[in-house]
Amino acid sequence: MKGTGLARALINHASHRAAQLGLNSVTLETRIELVENHAVFTALGFRRTAESAHPGYGRPTSITMIRPLGGTGWVGGRPAKGAAGP
């Protein structure tokens with residue numbers, strides 16, 4: 001499934017639905033070990049905003065990432081021409 005565009009399609013669908021609901025961003029969490037996923041989500045317009053730990057762990061185990069939506073100067077997960085980037 002790698003390289004098929006499925007992640008982009010799912011994120012775009014979620015972003016479109018969130019915009020329909022009047023939300024200004026989409027938030028996700030990913031496990032800290034899944035470095036390849038971090039790169040994919042960053043390429044899709046997400047910015048790392050926080051780290052957290054599951055109960056019982058003394059180190060971060062999860063990363064929170066946010067993708068801004070409408071009115072933010074972002075188009076299709078990337079800064080629009082002339083807009084500020086992440």
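Tutor: With pairing: two strands pair if DSSP finds at least two bridges between them. Helices (H or I, at least four residues) and strands (E, at least two) are DSSP runs, numbered from the N terminus. This is a predicted model: local features need pLDDT of at least 70, side-chain atom pairs count only at pLDDT 80 or more, and totals for chains, interfaces and linings use all residues. Residues are numbered from 1 along each chain as its sequence is written, and side-chain values use heavy atoms, leaving out hydrogens and water.

Student: Which residue in E3 is the bridge partner of leucine 28?

Tutor: Methionine 65. E1 and E3 pair in the antiparallel sense, over seven bridges.

Student: What is the overall secondary structure of the protein?

Tutor: Two helices and five strands. Along the sequence the pattern reads α-β-α-β-β-β-β.

Student: How do I read the two faces of a strand?

Tutor: In a regular strand the side chains alternate between the two faces of the sheet. In E1, Val26, Leu28 and Thr30 form the covered face. Ser25, Thr27, Glu29 and Arg31 form the uncovered one.

Student: Why does threonine 30 count as buried?

Tutor: Buried means under 20% relative accessible area, exposed over 50%, partly exposed in between (1.4 Å probe, protein chains only). Threonine 30 counts as buried because its relative accessibility is 5%. Threonine 30 lies in E1 (residues 25-31).

Student: Which residues does threonine 30 touch?

Tutor: Contact means heavy atoms within 4.5 Å. Leaving out residues up to four places away in sequence, threonine 30 touches Asn37, His38, Phe41, Thr61, Ser62, Ile63 and Met65. By that rule, phenylalanine 41 touches Ile11, Leu28, Thr30, Phe46 and Met65.

Student: What is the geometry of the pair formed by phenylalanine 41 and phenylalanine 46?

Tutor: Rings of Phe, Tyr and Trp (its six-membered ring) pair if their centres lie within 6.5 Å; planes under 30 degrees apart count as stacked, over 60 as edge-to-face and the rest as tilted. The structure holds one aromatic pair. Phenylalanine 41 and phenylalanine 46 form it edge-to-face, 5.9 Å centre to centre, with 70 degrees between the planes. Both residues are buried.

Student: And the core?

Tutor: In soluble globular proteins, nonpolar side chains tend to be buried together. A nonpolar core is a set of buried Ala, Val, Leu, Ile, Met, Phe, Trp, Tyr and Cys residues joined through side-chain atoms within 4.5 Å. The largest here has ten residues, including Leu28, Phe41, Phe46 and Met65. Helix H1 (6-20), E1 and strand E3 (62-68) each supply at least two residues of this core.
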